[in-house]
Structure formats: C-alpha cells, structure tokens
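Visitor: I'd like to walk through a protein model and see which side chains meet. Can you show me around?

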Amino acid sequence: MKKLLVVIDMQTDFTTGALGTKEAVLILPSVKQKIEHYQKDGNPIVFTKDTHQTNYLTTQEGKNLPVSHCMEGSKGWELDPIIAPLALDAPCFCKPSFGSIELGSYVKEGNFDQVELIGLCTDICVISNAMIIKAFSPETSIIVDASCCAGVTPKSHQTALEAMKMCQIQIINE
C-alpha cells in the first residue's frame with residue numbers, strides 16, 4: 001500500500017506564537033511520534049506551511065483574522081522546533097491561504113492509496129487540505145488522526161472532525 005503522511009502547518013506561530021494554543025502544544029509529542037513512525041517505515045512525508053507576506057492585513061484573510069502570523073522568513077513561520085528536525089529532507093508546500101492546490105496535485109500525481117493528515121488547525125487548514133485532496137483524488141483513502149490535530153477551540157476541532165466524517169474522510173484517534 002502506497003501511503004503518504006501530510007503534516008499541516010506545525011509552525012511556531014500556531015504552537016507557541018501569535019496564534020498558539022495549549023491544545024496545539026499538547027499534540028506536539030504525538031505529531032513527532034507519528035512522523036517518526038512514517039520515517040521508520042520508509043513512507044513519504046510532506047509538510048505545509050502557512051505563508052504570508054507583509055501585505056497580509058490587507059488580504060481578505062487578514063481583514064477577517066487581523067493577527068499577523070506566519071510571515072515568510074520569521075521565527076513564527078518556521079516549523080516548531082520539536083518538528084523541524086524531522087522535516088529536513090521532506091517536500092514542503094508553502095500556501096498563502098488555508099488549502100494547497102499544489103498539494104492536491106501532488107497527491108493525485110503520486111497515485112497514493114492512503115493519505116493521512118495531521119496538524120493545525122483542524123477547523124481551518126486540516127479540513128481545507130483534506131477536502132482539496134478528496135476533490136483531486138476521490139478514490140484515495142483519506143485519514144485524519146484526531147489525536148495529532150488541534151483546532152482553534154476544542155469545540156471547533158470536534159465540529160471539523162464531524163464535517164470530515166460526512167465527506168467520507170476516516171477519523172482515527174490513535
């Protein structure tokens with residue numbers, strides 16, 4: 001079985017920075033362990049990074065979420081220090097908004113049997129990328145490990161998980 005792990009936006013601004021939450025910090029050990037498991041098994045891993053420019057606050061997203069974060073090249077844009085050493089040789093998709101069309105294409109072209117998503121935030125970028133992958137590769141099995149995800153709030157995390165279930169995305173809790 002050809003498997004891929006997609007690690008969504010495990011960046012400092014979402015763990016301990018501008019938009020960090022205690023829930024995001026709490027999943028760091030589980031995310032690290034999941035990445036190490038995929039590496040040990042020789043399965044490919046890709047990362048995404050929320051990537052904003054100096055004009056962020058004038059964009060539609062910036063007007064709705066007026067908190068500068070993940071500014072390209074900043075410390076907050078970098079992967080969390082616990083995760084960064086595990087991503088040195090892996091492809092990374094920098095995305096200016098919630099989901100990555102390039103990631104969807106990568107999955108489709110890679111002909112993966114299974115894609116597992118983990119990361120931040122369940123209710124924004126994880127769900128957006130899961131839905132893009134589902135649109136690009138409708139016959140690919142898509143899994144989200146809830147224990148390796150955190151949302152803006154625990155309630156919105158749970159709501160996003162339920163929405164993904166309705167779209168035939170398998171939710172696990174390892």
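Visitor: Let's start with Lys32: what is its relative accessibility?
Guide: Lys32 counts as partly exposed. That label covers the range between buried (under 20% relative accessible area) and exposed (over 50%), with a 1.4 Å probe and protein chains only. Lys32 gets the label because its relative accessibility is 31%.

Visitor: Before we go on, what kind of model is this?
Guide: Residues are numbered from 1 along each chain as its sequence is written, and side-chain values use heavy atoms, with hydrogens and water left out. Local features need pLDDT of at least 70, side-chain atom pairs count only at pLDDT 80 or more, and totals for chains, interfaces and linings use all residues, since this is a model that is predicted.

Visitor: Which residue forms a salt bridge with Lys32?
Guide: Side chains of opposite charge can pair when their charged atoms come close. A salt bridge here is a side-chain nitrogen of Lys or Arg within 4 Å of a carboxyl oxygen of Asp or Glu. With the closest N and O atoms 2.9 Å apart, the partner is Glu36.

Visitor: And how are helices and strands picked out?
Guide: They are DSSP runs, numbered from the N terminus. A strand (E) needs at least two residues, while a helix (H or I) needs at least four.

Visitor: Where does Lys95 sit, in the salt bridge with Asp9?
Guide: The closest N and O atoms of Asp9 and Lys95 are 2.8 Å apart.

Visitor: Lys49 next: which ring does its charged end sit over?
Guide: Lys49 is in strand E2 (residues 45-50), and it counts as buried because its relative accessibility is 8%. Its contacts (heavy atoms within 4.5 Å) include Asp9, Phe93 and Lys95, leaving out residues up to four places away in sequence. A charge sits over a ring if NZ of Lys or CZ of Arg is within 6 Å of the ring centre and within 35 degrees of the ring normal. At 3.4 Å from the centre, the charged end of Lys49 sits over the ring of Trp77.

Visitor: How many aromatic pairs are there?
Guide: Rings of Phe, Tyr and Trp (its six-membered ring) pair if their centres lie within 6.5 Å; planes under 30 degrees apart are stacked, over 60 edge-to-face and the rest tilted. Ring pairs link Phe93, Tyr106 and Phe112 into a cluster. By this rule the count of aromatic pairs is 2.

Visitor: What is the angle between the planes of Phe93 and Tyr106?
Guide: Phe93 is buried at 13%, while Tyr106 is partly exposed at 28%. Their rings are 5.4 Å centre to centre and edge-to-face, and the angle between the planes is 70°.
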